[in-house]
Every structure is written in structure tokens, then in C-alpha cells.
Amino acid sequence: MLHRFSRDISNIAQPEAFTWPFHYVPHPLSVIAAEQVKGYLATRSEWSEEIARGKMFGVLVVENDEGELGFVAAFSGNLAGSNNHDYFVPPIYDMLQPGDFFRRGEAEITAINGKIADIESSAEYLSAKHDLESARQEIESQLARLKSALAERKMLRDIRRNEGENVDVLILESQRDNADLQRAKRAAKQRLAECAERCETFASELAELKAQRQQRSYSLQMQLFEQFRILNGRGEVKTLVELFAPTPQLIPPAGAGECAAPKLLQYAYLMGYRPVAMAEFWQGASPRGEVRHHDAFYPACNGKCKPILSFMLEGLSVEQNPLCNIAPPEPRILWEDRWLVAIDKPSGMLSVEGKSGVRSVQDWFKERYPDLSSPNIIHRLDQSTSGILLLAKDKESHKAMQEQFIKRTISKRYT
């Protein structure tokens with residue numbers, strides 16, 4: 001599991017502190033380790049198709065008890081349907097092992113899904129839905145025709161009233177027409193209720209099954225998160241549930257603890273290795289909705305990994321967050337009119353106010369336009385991403401521009 005460097009590294013100095021994983025330049029030792037992992041991946045032709053679709057890998061340079069440097073490697077998620085491959089560190093918790101409670105729980109949820117699918121595709125349920133919809137359409141058509149006929153009768157009565165016909169006779173006809181309409185409405189309501197009752201039998205059963213599925217899924221996820229017992233540099237242990245409890249999201253997201261970086265540090269602590277440097281790199285095509293380039297290095301994710309890694313790094317000498325040490329340059333205004341401001345947001349600047357104390361575009365806007373109190377942030381860019389950011393000067397412009405982003409009528413280009 002501990003890999004030796006295939007080339008001479010004696011002339012490469014070790015870093016003074018461990019990598020700050022959320023914003024870093026890969027250390028040369030990490031780069032060399034990553035190249036060796038890529039070389040190994042090239043020999044596994046059976047994985048090539050899956051990797052080509054896109055996967056994150058990671059390397060952790062470590063020092064053993066004898067003072068020798070080497071590295072360990074990991075992948076995010078699973079690979080080829082397994083969490084365990086000889087070249088890579090094992091998962092923090094293997095939920096894919098046969099007979100595991102997670103697999104049993106998934107099988108139970110799958111069985112519930114099967115029951116739901118059976119009901120939704122059954123001839124009885126489809127017939128009940130069809131009859132209800134047909135009855136609704138037929139009744140709407142009948143009532144529409146009746147109302148049209150009654151409206152025409154009323155128009156004729158108005159003519160007859162103007163011609164001096166007996167008012168009592170006209171009132172009696174009007175009352176009869178209204179009674180006909182009310183009887184038609186009651187009959188329609190009764191027919192719809194009978195059709196809906198057939199559907200309701202199935203709907204109640206489906207609702208119960210879906211509630212069971214939701215409860216079992218939640219319980220299974222929380223039970224799984226309790227199995228992830230995360231170590232830090234001081235030898236302390238916390239579960240994923242404990243680590244995410246203080247966060248705004250409260251509970252761990254799906255896939256928490258399965259990224260490459262937590263796997264690497266967990267293995268190093270278990271084996272007694274001293275972490276030296278770490279890096280994660282992408283292989284294959286970019287995933288939908290994200291910018292990921294083949295062979296490029298990327299920071300650890302905030303949503304899944306920040307609460308985990310922040311704890312795991314305790315006890316290590318870690319680089320300071322470079323984004324907190326460098327004051328980002330001011331945004332450059334590219335376009336401005338009475339409705340909008342388009343700026344070039346610099347790397348290192350937040351889009352909206354955060355808890356880190358790093359200056360944000362929102363802060364800048366409030367300082368530059370103190371009299372404008374309406375929402376101004378239309379869309380966001382990551383802190384480390386530079387690029388064009390649009391800001392609104394009034395509520396109407398803000399709403400209109402946000403709708404364009406939601407409907408994807410705005411064209412965006414990533415470089």
C-alpha cells in the first residue's frame with residue numbers, strides 16, 4: 001500500500017507544513033506521486049472506460065517510522081464496483097461488503113421501490129386514474145354545455161321580459177334552470193367522488209410505502225454515517241454525524257467520507273505515517289455542472305470535505321489559508337448603467353459575505369453604492385474563481401436577471 005518513488009527525490013526539500021487542502025499549489029513530491037499513479041492507471045485497461053467518464057484521485061506523501069518517504073493513493077467513491085483495490089488505500093468504512101447492514105438496508109428499500117412500481121404500473125391503478133381523468137373531462141364538458149344553454153335561455157328571458165311577458169313565469173323558469181344546474185353539479189360531484197375513491201385506495205397505499213421508504217432511507221444513512229469514525233492528528237475520533245452537527249446543513253451529505261482526501265489521512269493515521277503533502281487530481285471528462293479538466297489538480301470540496309478535513313488536520317502543522325493572508329484586489333468595473341453593474345471579480349474574493357472574514361463583492365457593492373439597499377447579487381462565482389459577475393441596482397432588474405439565469409437564457413463560457 002505504501003509506494004516508493006520511482007525516481008530520485010533526494011534533491012527535493014520537504015514542505016515546511018502540511019498542505020492546506022482547500023487552496024494550494026501542489027508540492028513537487030505530490031506532483032511526482034500523482035504521475036506515478038497516472039502511470040499505474042494506464043496499465044489497468046479494464047478501468048479505462050469508467051475513468052474516462054471522470055473520477056477524482058488523490059495522493060498523500062508520507063514518512064514512515066524509519067524516516068523514509070513514500071506515498072499512498074486513493075480514489076473518490078468506488079471504482080469498478082468496489083471500494084478495495086490493492087494499489088489504493090481502503091475506505092474509511094466499506095459499505096459495499098457482502099452482508100453489511102447497508103446492503104441489507106438498501107435491499108429493503110429496493111423491495112419497497114418494487115412494490116411502488118408494481119402498484120403504479122398495475123392495470124387496476126392505471127384504469128382508476130384513466131376513469132377519474134375521463135370523468136373529470138366529460139363532466140367539465142357537460143357542465144360547460146349546460147351553462148352555455150342556460151345562459152342562452154337567460155338571454156331569451158331578458159328579451160321576453162322587455163316584451164312585457166309575465167314576470168312570475170320568467171322567475172319560475174329561472175329557478176328551474178338554476179335547480180337543473182345544481183342537480184348537474186351534485187351528480188358530477190358524486191361521480192367524481194366515486195372515481196376518486198378508487199384512486200384514493202391506491203394513493204393511500206403508495207403514500208404509506210413512500211413514507212416507509214423515506215424513513216428507512218434516512219435511518220439507514222444516519223446509521224451509515226455513525227460507522228465513519230474519523231481520526232485526526234491528535235488521535236481523537238469523531239463520527240460524521242458529530243462533525244456535521246455544528247454545520248448549517250446539520251447532517252452529512254450523501255457520499256461524505258468517501259472522497260480521496262479523508263481516505264488518505266485516515267489510512268496514514270492508522271498506519272502511523274506522518275503526512276507530508278497531499279494533492280487531488282481529476283482524470284477523464286468533466287462532470288455535468290462542474291468544471292473539471294483531465295490531469296488538473298483541484299482543492300478538496302467544501303460541502304462534503306471541509307467539516308471532515310478541518311477536524312482531521314487538527315494536530316498537524318498545516319499551511320495557513322493563503323486566501324486569508326492576501327488581500328484580494330478590487331473588482332474592475334466592465335460595464336455600468338442605471339440597472340446593472342458588470343465587474344471582473346478577482347480570484348480570492350468571495351461573491352457574498354461569509355464567516356471567514358475574507359472581503360466579498362457584496363461588501364464592495366455596499367461600500368460603493370451605500371444608497372442601494374435592494375438585492376444585488378444575481379449569481380455567484382467561487383472564491384478562487386475569477387470572472388464576470390453581474391450585479392443589479394434595483395429589485396426589478398435583480399428579478400429579471402435571475403429569471404434569465406434560471407431559464408438558462410444567459411450564455412456562459414468557462415476558460
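Predicted model: local features only at pLDDT ≥ 70, side-chain atom pairs only at ≥ 80, totals over all residues.
A nonpolar core is a set of buried Ala, Val, Leu, Ile, Met, Phe, Trp, Tyr and Cys residues joined through side-chain atoms within 4.5 Å.

Stop 1: Select E1, E2, E5 and E6. These 4 strands form an open sheet with antiparallel pairing, and the order across it is E2-E1-E5-E6. Strand E2 (69-75) and strand E6 (297-298) are at the edges; each has a single partner strand, so one side of each is left without a neighbour in the sheet.

**Stop 2: E1 and E2.** Two pairs can be picked out. Valine 61 has phenylalanine 71 in E2 as its bridge partner, and glutamate 63 stands opposite leucine 69 in E2. Then move to the hairpin of E1 and E2: there are 5 residues between the strands, and among them glycine 67 takes a positive phi near 80°.

**Stop 3: the faces of E2.** Is this strand mostly covered or mostly open? E2 is mostly covered, with 7 of its 7 residues buried. Show the side chains: Leu69, Phe71, Ala73 and Phe75 point one way, while Gly70, Val72 and Ala74 point the other way.

**Stop 4: the helix across the sheet.** Select residues 28-42, helix H1. This helix lies across E1, E2, E5 and E6. Against strand E5 (274-283), H1 runs at about 50°.

**Stop 5: helix H8.** Go to residues 302-312. Which residues of H8 are buried? They are Cys305, Pro307, Ile308, Leu309, Phe311 and Met312. These buried residues pack against strand E3 (229-231), strand E4 (237-239), helix H6 (240-244) and helix H7 (260-271).

**Stop 6: the largest nonpolar core.** Select Leu60, Ile230, Leu240, Leu265, Ile308 and Leu309. Of the 43 residues in the largest nonpolar core, these touch the most other members. At least two residues of this core come from each of E1, E2, helix H3 (101-121), helix H5 (167-227), E3, H6, H7 and H8. H7 gives the most, with 7 residues.

Centre the view on leucine 265. Leaving aside neighbours within four places in sequence, leucine 265 is in contact with Phe18, Leu60, Pro275, Met278, Leu309, Met312 and Leu313.

**Stop 7: another core.** Finally, select Tyr24, Ala33, Val59 and Val276. They are among the 27 residues of another core, which lies apart from the largest one.

Key:
Residues numbered from 1 in each chain as written. Heavy atoms only, no water. Pairing = 2+ DSSP bridges. Contact = heavy atoms within 4.5 Å. Axes fitted to C-alpha atoms, helices over the stretch in contact; angles between N-to-C directions. Buried < 20%, exposed > 50% of the residue type's maximum accessible area, 1.4 Å probe, protein only.
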